Each structure stands twice: as structure tokens, then as C-alpha cells.
Amino acid sequence: MSLRVDNLKVWYRTLRGDVRALDGVSFGVADGELVGLAGESGCGKSTLGKSLTRLDGRMRHVGGTVELDGKELPIGDHAAMNRFRFKEVSIIPQYAMSAMNPTRRIGRLVAELLASRGVRLADVHQELVRRLELVGLAPEVLDRYPIELSGGMKQRMVMVLSTLLNPSLLIADEVTSALDVSTQKAVAETLVDFRDRHYVKSTVFITHDLSLAYQIADSIIVMYAGRLAERAPTDALAATPRHPYTRMLLSALPEVGVRYADRRLRGIPGSPPSLLDPPTGCRFRDRCPLAIAKCAEQPPFLEVAPEHFVACWKAS
Amino acid sequence: MTVSDREELAAATAATPAATAATPATVSVARGRREALYFARRNRKLLLGLTVVLAFLALAAVGPLLTDHGPNEYVGPPAQRPSSQWWFGTTMFGQDVFAQFAHGLRSTFLVGLLGGGLAAVIGMVIGFTAGYRGGVVDEVLNMVTNVVLVIPTLAVLLIIATYLRVRGVVPEAIFIGLFSWPWVARAIRAQTFSLRSRDFVDLARLSGAGGTRIVVREIAPNMSSYLFMTFILLFGGAVLTAAMLDFIGLGPTDGMSLGLMMNNAVLWSALPLGMWWWFVPPGLGITMIVGALYIMNVGLDEVFNPKLREL
Amino acid sequence: MLRLEGVSKTYRVGTFGGRELVAVKDVDLEIGPGEVISLIGESGSGKSTIGRMILRLTGVSGGRITFDGADVAGFKGGRLRAYYADVQGVFQDPFSSYNPIFKADRVLETLRATWFPRLGGQAWQDKVEASLAAVRLDPGQVLGKYPHQLSGGQLQRLLVARALLLDIRLLVADEIISMLDASTRIDVLNLLGDLKARGLGIVFITHDLSLGNYISDRAVILRRGEVVEEGPTERVFGQPRHPYTRALLASVPQLHHKWERTPSLVREPAGEGG
């Protein structure tokens, strides 16, 4: 396995207690796999993405391990993680607009970043230019300031930057949320391209948009309230979702061609539980139409079909 | 933190299980009153500063009542050291330094209040108007602000002093107020700009509210902590400026102030003569009051700004 | 009911306002009573600007907007207030729409001061509860709370309830559900559909084509301030004529349909240069 996460727990320390943003998450990502990590706000997907690269502020690594290519990642130790960041694990942040220092020319920014990892810009310059052209950016962009680029261009620049040293694991954290639909398609396809050209080995694509994950991911993990709800190969998830949450979520997505007059879509009533003091057992229990008494006990994440995992008593 | 992180963190810390996309800013601001009071009571800087200022205020209120003579009366032997009879000693002419100090404190606080208050009002009016209206109004007000900023206050004061024979505390306070507002206007303008683009301002317009009503009832309350701190800084600044003006002899021609005490002390060679009790109390008094005000300001910043608080 | 004739909006930018930025160019639009029209476009298409011009939050640079035949630009004072009693707006970010230091239901109170100053306590209370019922909110759950104590979906619905207090005829909904989660989005959208069934006209501004398709009668596709295609929703989405519309539809991610992959080295997206 390229990435192996085992019972990972990352909590936020706050005035009112610990927010259990990630509460026992286990999964693996194979070499060359592009996994879509989908869920709504508050499910823990961004926390997961950040845990794998840089715990910040009030996040605390409470339990569990992360292994990349057989080596354990010291995610709790900021300094020790430094030698992994950018070289083996890299992240494309959500708002590329703020990811680049506005007072630096982009070329200078790249040079400094590489220098911090002991790589000279001159050595990788040719590869850099090649990748820039691949995403549709002219090499002259290195002489510009970030403010001279449009949102989509900045996003693509950051993508090239984050993958320049061919990391084993790439985390793309909501990279398309702020983009127009056509740019979104270009950026999403570029991620697939990077994987196909072996610029990155495995990718975790974090998004709230299931239909977008459907387009490019090999398999999709659905998260809810800090835990994994379901995981399956993309087509299987779309065709035969097993977890009630996934099913309700999929049926709440308006599609081109679906009209209010013809078919009334339904949302999921209620809202996710507070992670400050989460309920015991299955966290979807309060909103689930299929809940039974047994749901007071946390269902295990079991394989119910080849490569298809569900955490639900009813589904397994 | 990314938007989704903030969502996760705030979603989980909301009082009720809710908040699909809450931000920590709204969490802390709205619970602000209660939390602010809680932190205010525990903030050492705030308490220390407040204690010092209130102590001096008490002295200013009560001190003159403890002496039965005026500050300028010749009541004792000249150049006496502090003793049980003359707590702060006497001046070169036999005036009671303590009486002068207590009366001086009064005028100091008066100048701070008047001068600081006037500057606050001018700064707020100009800042809010420029920030809310934008466009030409903003450009004109900016020009006015810059001009006032650049005027050499001292030169103007010297000219005024030449023409006015008798000067009082109130004119001095007004003068200070008229020249110390530019930074306030700038800061308020900047904040108003950013608040103005928020949707609740648009919604207020859709509710039929006019510009003034929006500034007073929607924008200013959002900045209430900042406005409060601004006033404290202006108060301290006015005290300092008044002391400086008095020290170089441009202060009120009647009455007593701390700066005037120091002026007299220097004029009558208190330093070479070793009459430390004449200039140390006023100097220390000004330093402590202004210093305490600034420390209070830092403390208030920690109280109002949740990000600066220690967890 | 509402008509836009040759409406344009130009901004002056740069030092001393030297350059011009055309946000909206020569747009013609007509909305009848009880009609839902979707303004669909990417960023920079001018859709939000049009919404703001309809709401009189921004001035019109060229052309005119008329409501029941009267030019809205001339409305002032009482006439403007009467206009706002017919036309209201709801915006994208629920947490920006509320003043965070006040309680959420204050947005209802500010309405009362302008339009119902003489309404008694009980009558007002009944009116508020009727409005909340129309948007399916429980008064006990939303009254007396601060914005951060409510969810995005509840906040947006409260804003719709506010607009309904006035018995409006047209609602300008500017991306009102794009910041909500998928599971709550559809509830607010269904709510709009119900309101439409009761005769409310809606200008539904969105960048998301699948949302635009769900409730609208007519769809208008905007690009860089100009109308690129317009017509009944089913026709625009089913048989798009303009290449831009087609490109847009092809880029929308949908379940059960995979994109046609553009080959690499041809990565320029349809809308703009970046």
C-alpha cells in the first residue's frame, strides 16, 4: 500500500473541550490510485487532509498511525515532518489566491521553495517549464507577480508547484470549489494527468461535490461526522450505494434534466452532530430513516462486496 | 485554516448542533459580551492599567479638598523637602507642591477628556463618512485628513499663542482635539470600507435604511470595541500633548497643570539645585497615567480579540 | 412585470478612473408575474451585477429597468420603499447577511420599523409566525437566537421569510444556496419551487447549471456581461444552440455520466484565459 492510515484520531483543542474532528479513521490508498474523499462541512475531510501534511494551531494527534510507502509519518512532530513535506507528501490548498506571497515574483517563490528542500531551481527548470506548458501556462508566468494572474491560472500554478518534486502522495483540498465550472473541469483533469504521467503516485481528492469526485476518482470514500461511512470503487458507489447517508446524499443532487415539477428531490433533515460531545454508536443515527436499536453501537467498517466497505449494521 | 477547516471547527463548537458554515469570527463576536467580561476580569494588564488610572482620578477628585489653600498661594518656607507637613515639599517660592500636583491632575484629566473626546468625534464622523460614501466624498475627506496631518502643530500654536493673551484649559483642549484625529479617521475609514461590503449592509438598504442609520446602527456597533480603545488612546495622547505644550510654556495662562509644574521647575533651576520633589511628581504622574492608559489598551485588545487570548 | 431594456453597467477603474470595465452589456430581459428565470453564468458574467441593479443597490449606466412600466432609477424615498415592498433580495453568504453582533430575527424587526410601524404586538407576532411557517421554520428554533447558533440553511430560509413578510412579487435570489451543504441545498430549492407555485416571481442567479435547471421556467446564459442564449429552460438545456452553452453543459460534473476528456496540452478552459 502506498498510504496506510490506521485508526487515526486528530482532535481540536478548544476552550470548551476537545472537538473530535477525526475519530478513528482507517483506510489505504494504493500506488497510482486517485481516491475521492467526499463529505459535507464538518465531516473531517479537511482535517484529514491537513493531518497528513501539517497539523496546525489547535490540532492534536491523539492516536493512530499514518504510513507512507512503509515508513511511518511523524505527523504530530512539526519539525520531523519537514523532510517529508513537498518531497513525499504535498498538498494543494483550497485558496490558491492566498497560497502565493503577493510581494514575490513567482519564479523567485519557486526558487526559494526548492532551495528550502535542497534543490536548485536551475536543475529542475526544464521540467518546470514542461509542466507549465502542460497545464497551459506560458513560461513567462515565472516573471510575473501572483496578482497578475487570474484565479484559474493561480490554481494551476500552485498545482505545478506542489507536484514539482514528484511526491508520493498528493492531497488536493477542495481545489476546485472557488473555480468556474469550465476551469474546474480543466483542473480536475489535470490532476488525473499528473497521476497518469507519474508526477505523483497517489492522490487524495477532497471535495464536497460527489458528482465531481465521480468524474475523476478511482474510488470514493464518504465521510460523516469524523468517521468513514462508505468506501467503494466509483462506479459501484454511484450505482449501488449501501450506506443510508450516501444514498440520501446521492438522491439530493439535482441533475441537468431533473425538474422540480417532475421529480421532487429530498434533502436530509436535521444536521450533523456536535463533535464536541459526539453521540455513542453510529453518528448518523439521529437522521437515519433505517436506524434500529443496534445502531447505538458503532458499526465496524466492513467489506460487503469486493473493495466496497460500509459502516452500517443494516448494510452489512 | 481553509474555509472547510473553519467550518469543521466552528460547526463542532456551535452551541447547538448546527452551523453548516459558521465562522469562528461570528462565534466569538456574538458570545462576545459574556466572554469579554470574563476575560476582562482576568486580564492583568487591563486591571493594572485601570487601577492606576482610577487611583490618579481619585487623587484628582479628592486631593484638592485635602488642602485648604490654592496651588499658587505662598504658604510655607521655600524649597522645603517633603515632610509630614508638606507631603511633596514646597517650591522655590514656598508653594505647596502637593496642592499644585492635585490641582494639576484635575486639569490633566479635563484636557484628556475634552481633547480626546473632540478628536474622537471628529475622527469618527470623518472616518465613517469617508468609508461609507467612498468616491468623491472619500477623496475630499482624505485630502483634508492629510492636510491636518501635515500641519506643523507647534508652529500654529506658537502663532496662536502670540495673539491670545489669556489662554485657558478649554481652548487648549479644543486645539489638541482639532489636530489629533487624523489617524482615527484613517483607521475607522479602513474598517468601514471592509464592513460596508458585507451583505448585511445591503440588506439594511433593502429594508429602507439610509446611510446615516446604517452607519450608526449597523456598522459602528460592530466596531464598538475598537472605538472604545480609540478613545482611550486619544485620551492618553491628549494628556501627553498637553503636558508637552505646558512644559514649553504654551499652556493655559491661568490655573495649574502638571506640565506647567515641570516648566516652572526647570525655569527656576530645580534640577541643578536638587529640588527633585518639584519635578519628579508631575513627571512621574504624567508617565504613569499615560503609560497605564496604553497598557489598558493592550489589555483591551486581548479581551476583544479572541485570537490574542491565551488558551 | 419587470423589464430590462438595453441595460449596461460600466465601472471606471484605474487611477483617476481612466479605464472602463464593462460588467453588463446591453441586456434585455422580461419577467412576468409568477415566472422563475435563471441567470446562469460563470464569474465575471455580470449576473450578480444585474441582480444588484434590479435591487437598486447599484446604478444603471445605460438602458433602463422598469417595474410595472415605471423606471426604477427614478424611485426615491417613499416610492423606493414601495418598490422594496414588491421586490426583495437574498444573497449568497448567510453569515455575511446577518450583523453578527445582533440576534438573527433583528432582520425581521428592521422591516417592521419601515413598513409596519403601527402594527400591534400580537398582530406582528402572527405575521412573523405565518411567514416562518411558509418557509417551514419552527419559530421556537430560530427566534431569539444569534446567527452563529443557526445553520446556513435556516439563515437563508429566515431571509426568505423576511422577504415574504412584505408580500413581495419578485425575489432576487443571488446564489442563495451555493454556500449550503448538498443535503440542505435541495430543501431551500424546493422551498423556492413551492413559493413559485404560489405566484412568486424569482430571478434565480447561479453558476451551477443543474440548480438552474431544477425550478426555472426560462434560462438566460450570460457570458462576460452579454446574453449568449435565452429561452425556455428545457430548450436551452436540451438543445443548446450557442457553443458556449454547449461547452458549459459539457463541463458540468454529473453522476452517471463521465466527462469527455479533453486531451492534455489543450487545457484552456472554455470561459476565459485562466
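Here is a short chat about a sheet in chain A and a helix pair in chain B.

Visitor: What am I looking at, and how is it numbered?
Guide: It's a predicted model, where local features need pLDDT of at least 70, side-chain atom pairs count only at pLDDT 80 or more, and totals for chains, interfaces and linings use all residues. Residues are numbered from 1 along each chain as its sequence is written, while chains are lettered from A and ligands numbered from 1 in the order in which they are written.

Visitor: What's the strand order in the open sheet of chain A?
Guide: The order is 6-7-8-3-9-10-12-11, eight strands with mixed pairing. Strands are DSSP E runs of at least two residues, helices H or I runs of at least four, both numbered from the N terminus; two strands pair if DSSP finds at least two bridges between them.

Visitor: Which strands stand at the edges?
Guide: Strand 6 (89-92) and strand 11 (302-305) of chain A; each has a single partner strand, so one side of each lacks a neighbour in the sheet.

Visitor: How do strands 7 and 8 of chain A pair?
Guide: Strand 7 (169-173) and strand 8 (202-207) of chain A are parallel, over five bridges. A:A172 has A:F205 as its bridge partner in strand 8 of chain A.

Visitor: Switching to chain B, how do helix 6 and helix 9 cross?
Guide: The axes of helix 6 (135-150) and helix 9 (182-196) of chain B come within 9 Å and cross at roughly 150 degrees. Axes are lines fitted to C-alpha atoms, for helices over the stretch in contact (C-beta atoms, placed from the backbone, within 7 Å), and angles run from 0 to 180 degrees between N-to-C directions.
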